[in-house]
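Please keep the sequence and the structure in view while reading.

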Amino acid sequence: MDVKAAPNGVATIEDRILRITGYYGYYPGYSSQKSTSRSSVTRCKPGANCPSSHSGISRQLSPLSVTEDSSAPILELQNRGSSGVCGHRVERQNRSADDGTQTHSENSSQENRIKARCLSCTSMVLKGIWGLLIILSVSSSWVGTTQIVKITYKNFYCPFFMTWFSTNWNIMFFPVYYSGHLATAQEKQSPMKKFRECSRIFGEDGLTLKLFLKRTAPFSILWTLTNYLYLLALKKLTATDVSALFCCNKAFVFLLSWIVLKDRFMGVRIVAAIMAITGIVMMAYADNFHADSIVGVAFAVGSASTSALYKVLFKMFLGSANFGEAAHFVSTLGFFNLIFISFTPVILYFTKVEHWSSFAALPWGCLCGMAGLWLAFNILVNVGVVLTYPILISIGTVLSVPGNAAVDLLKQEVIFNVVRLAATIIICIGFLLMLLPEEWDEITLRFINSLKEKKSEEHMDDMTDPSVHLRGRGRANGTVSIPLA
């Protein structure tokens with residue numbers, strides 16, 4: 001089929017399209033030259049010689065060399081364009097990947113924060129629950145100990161023997177601690193290894209005979225004096241009065257720490273100490289300064305003083321102790337009491353100061369109940385510091401005052417007059433003031449400032465609410481408010 005050329009030299013429709021589109025390699029007769037070049041190409045079998053065909057192809061394709069050369073820049077631009085597009089796509093993919101990692105990291109960090117908050121809230125709730133249980137257990141054990149002593153005095157009055165007997169039960173403190181260690185710890189240790197680890201409270205060398213006598217002797221004497229004077233006071237006064245007066249030990253601890261340990265001076269604790277002393281005087285005045293009342297108050301105040309001295313000396317020489325070290329130390333006090341103080345009740349027995357007919361006549365049930373509750377009180381005080389907040393232990397101690405008051409009222413052993421009731425309340429308030437932290441004034445100021453800021457924000461919200469309401473009404477009515485210059 002012959003191709004007729006148009007007047008303008010364009011032979012076919014393909015040439016017209018190429019001319020109109022402005023193809024860079026176009027020249028007149030391009031399509032016809034292209035078709036003839038294709039038709040002139042002959043296929044050769046593999047291995048056959050086609051010299052004429054090669055020469056024909058080279059001669060016929062020679063006009064296309066210009067086209068190929070001229071189209072080379074277009075191909076290069078296309079390649080550059082495609083490479084640029086690919087580069088942009090890669091950058092976009094990298095950016096999207098970076099954004100994805102950033103969002104993933106932000107989401108993971110938010111999840112970690114939420115988990116941390118949940119864990120902190122859970123730990124606070126658990127500490128609160130444990131604190132409530134510890135408060136009830138501490139107060140009930142102390143009330144039970146005091147009331148059992150009062151019951152024992154009806155048939156058996158040997159306060160030093162009772163003190164010695166109950167102190168011997170402290171030997172079981174460390175075995176109770178080690179049993180808890182075996183039940184809860186993942187890496188269990190042998191008894192001797194745990195004993196040596198906890199004996200570091202006496203120093204790096206552990207417990208030696210010299211340290212046993214040097215460190216244990218004064219604390220054992222103070223421990224015995226505290227309990228003995230407390231039992232003597234229970235013979236003269238009611239359980240409510242003795243437990244209220246014993247709460248003054250917090251004030252004595254502060255005064256001794258301020259004088260001996262050079263602790264920070266706090267005016268509120270001075271006020272609490274003055275309130276404690278005022279309560280002591282009012283307690284003695286409640287019975288018109290009767291002889292037994294004055295002696296009982298002196299015994300109770302002496303017990304609180306020796307308890308405070310024990311705590312201050314412990315902080316001075318031994319510092320702070322964990323639960324295991326405290327269990328080791330209290331058990332050591334029990335051993336010292338059994339070995340070195342056992343001669344004292346023997347002497348009192350043969351001198352008829354504290355005498356009983358036979359060992360079978362002893363109220364073993366009351367004695368064991370008193371000693372068991374006393375041991376439980378000491379264990380709970382040390383366990384409570386680990387499981388919950390230490391302030392809750394002190395609150396449990398002060399709650400023994402209303403607990404003993406309730407029991408005394410049920411037993412009808414006490415008549416609360418105005419002076420006795422006021423003295424008890426004043427001592428308890430002073431005890432609670434002692435529990436305030438050292439930064440209580442700064443915390444109080446911050447709390448008051450936050451309340452003021454909240455009130456000011458609420459007042460500003462109340463002031464802005466009517467204007468917003470009126471503005472909304474104006475817009476609803478179709479009016480436009482124009483601000484004045």
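## Aromatic pairs

In this predicted model, a search of the whole structure finds 32 aromatic pairs. In one of them, the ring centres of F160 and Y228 lie 5.4 Å apart with their planes at 75 degrees, and because an angle over 60 degrees counts as edge-to-face, the pair is described in that way. F160 belongs to helix α5 (residues 159–168) and Y228 to helix α8 (residues 209–236), so the pair ties together parts that are 68 residues apart in sequence. F160 is buried, with a relative accessible area of 11%, whereas Y228, at 22%, counts as partly exposed.

A further edge-to-face pair is formed by F174 and F195, whose ring centres are 5.6 Å apart and whose planes stand at 90 degrees. This pair links distant parts of the chain, since F174 is in helix α6 (residues 173–184) and F195 is in helix α7 (residues 191–198), 21 residues apart. F174 is buried at 11% relative accessible area, while F195 is partly exposed at 31%.

## An aromatic cluster

One aromatic cluster is formed by F156, F161, W164, F165, W169, Y349, F350, W356, F359 and W364.

## Two packed helices

Helix α11 (residues 267–285) packs against helix α18 (residues 418–434) at an angle of about 160 degrees, with 8 Å between their axes. The two helices are therefore roughly antiparallel to each other, and α11 passes α18 in a left-handed crossing.

Among the residues that make the contact are A272, A276 and I280 of α11, together with A423, I427 and L433 of α18. The residues of this contact divide into 17 nonpolar, three polar and two charged.

Key
Residues numbered from 1 in each chain as written. Predicted model: local features only at pLDDT ≥ 70, side-chain atom pairs only at ≥ 80, totals over all residues. Heavy atoms only, no water. Axes fitted to C-alpha atoms, helices over the stretch in contact; angles between N-to-C directions. Helix = DSSP H or I, 4+ residues; strand = E, 2+ residues; numbered from the N terminus. Parallel < 35°, antiparallel > 145°, perpendicular 65-115°, else oblique. Left-handed = near helix turned anticlockwise from the far one by under 90°. Contact = heavy atoms within 4.5 Å. Nonpolar A, V, L, I, M, F, W, Y, C, P; charged D, E, K, R; others polar. Phe/Tyr/Trp six-rings, centres within 6.5 Å; stacked < 30°, edge-to-face > 60°. Buried < 20%, exposed > 50% of the residue type's maximum accessible area, 1.4 Å probe, protein only.
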